[in-house]
Amino acid sequence: MTEPTVEVHASTEDLVAAAAARFVAVVTAAQAERGVASVVLTGGGTGIGLLEVVRKAPGGIDWSRLEVFWGDDRFVPAGDAERNDLQARQALLDHVPLDPSRVHPMAASDGEYPDPVEAAAEYSTTVHAHLTEYGAFDLHLLGMGGEGHVNSLFPHTDAVREEHELVVAVTNSPKPPPVRITLTLPAVHRTRHVVLVVGGAAKAEAVAAAVSGANPVDIPSAGAIGSETTTWLLDEPAAANLPR
């Protein structure tokens, strides 16, 4: 596992632009090296905002050779506006020539797997198949909540304590909606490049705790570590509690 590096940007706009540039750089490098690249997407304002920037400036990405996964999603109907899948499609995925067989959304509550545990197991099968073939994800994008959660891994929950399964169902999320599907920290660790994109003063305390090595059970983002690089992209308010 890698020691984290921190980049601080003057504004949220600069932060999102830097995250988009990292997306393009990691994907194009992976495609040049291995032919196919894989990304794990996140939701939230910055997570969706960076996809909109990538849409405008995709660099040399070969969309037909990109595998797309999600770090978590709300277990609600497919057309629900809270779905990370739907938001990502509106921001980027519906506007580029992806191979549909390489896009792997998590199940919706009105789909083939109406039970969240079964839906998580099905997604785990998909993730295992990808990791068996390619060894790792290339890029895992993560936002962070004010208490330090990433994906749907909240402090002091069974999901953040999971040490073996790559995908689990969350049925009592402290943040609504309560039912979700999420990749676990072991899945995050199967990623070459982990990038946490965090903005806002409300997150400064959790950022400082995570970067300084807090227990992931207390601050889940502290456990978000890539096999090759771990990068925190912050705006000035989010970085306020870090030593200079």
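This is a predicted model: local features need pLDDT of at least 70, side-chain atom pairs count only at pLDDT 80 or more; totals for chains, interfaces and linings use all residues.
Local features need pLDDT of at least 70 and side-chain atom pairs count only at pLDDT 80 or more, whereas totals for chains, interfaces and linings use all residues. Residues are numbered from 1 along each chain as its sequence is written, and side-chain values use heavy atoms, with hydrogens and water left out.

Nonpolar cores were examined first. A core is a set of buried Ala, Val, Leu, Ile, Met, Phe, Trp, Tyr and Cys residues joined through side-chain atoms within 4.5 Å. Buried means under 20% relative accessible area, exposed over 50%, and partly exposed in between (1.4 Å probe, protein chains only). The largest nonpolar core has 49 residues. Phe23, Leu41, Leu50, Leu51, Val54, Val68 and Leu93 have the most contacts inside this core. Helix H1 (residues 12-34) gives the most to the core, with nine residues. Helices (H or I, at least four residues) and strands (E, at least two) are DSSP runs, numbered from the N terminus. Leu50 is in contact (heavy atoms within 4.5 Å) with Val16, Ala19, Ala20, Phe23, Leu141 and Val197, leaving aside its neighbours within four places in sequence. A second, separate core has 19 residues, including Val150, Val188, Val194 and Ala206.

Aromatic pairing was examined next. Rings of Phe, Tyr and Trp (its six-membered ring) pair if their centres lie within 6.5 Å; planes under 30 degrees apart count as stacked, over 60 as edge-to-face and the rest as tilted. Two aromatic pairs are counted by this rule. Phe69 and Tyr123 have ring centres 6.4 Å apart and planes at 75°, so this pair is edge-to-face. The pair links distant parts of the chain: Phe69 lies in strand S3 (residues 66-70) and Tyr123 in helix H4 (residues 116-134), 54 residues apart. Phe69 is buried at 1% relative accessibility, and Tyr123 is buried at 4%. The rings of Phe69 and Phe137 have centres 5.1 Å apart and planes at 65°, so this pair is also edge-to-face. Phe137 belongs to strand S5 (residues 137-142), 68 residues from Phe69. Its relative accessible area is 0%, and Phe137 is therefore buried. Phe69, Tyr123 and Phe137 form one aromatic cluster.

A cavity is a set of points where a 1.4 Å probe fits but cannot get out; a pocket is an open set with protein on both sides within 12 Å along at least five of seven lines; lining residues have an atom within 4 Å of a point. Grid points are joined across faces, edges and corners, and a volume is the space filled by probe spheres set on the points.

The largest pocket holds about 280 Å³ of space. Its lining has 19 residues, of which Thr42, Gly43, Gly44, His149 and Lys175 lie nearest the centre. Helix H2 (44-56) and strand S4 (72-74) give two or more residues each. The largest share, four residues, comes from H2. The lining divides into three nonpolar, eleven polar and five charged residues. Here Ala, Val, Leu, Ile, Met, Phe, Trp, Tyr, Cys and Pro count as nonpolar, Asp, Glu, Lys and Arg as charged, and the others, Gly among them, as polar.

One cavity of 30 Å³ or more is counted. The largest cavity has a volume of about 40 Å³. Arg34, Val36, Ala37, Ser38, His130, Tyr134, Ala136, Asp138 and Arg192 line this cavity. Strand S2 (37-41) and H4 each supply at least two lining residues.
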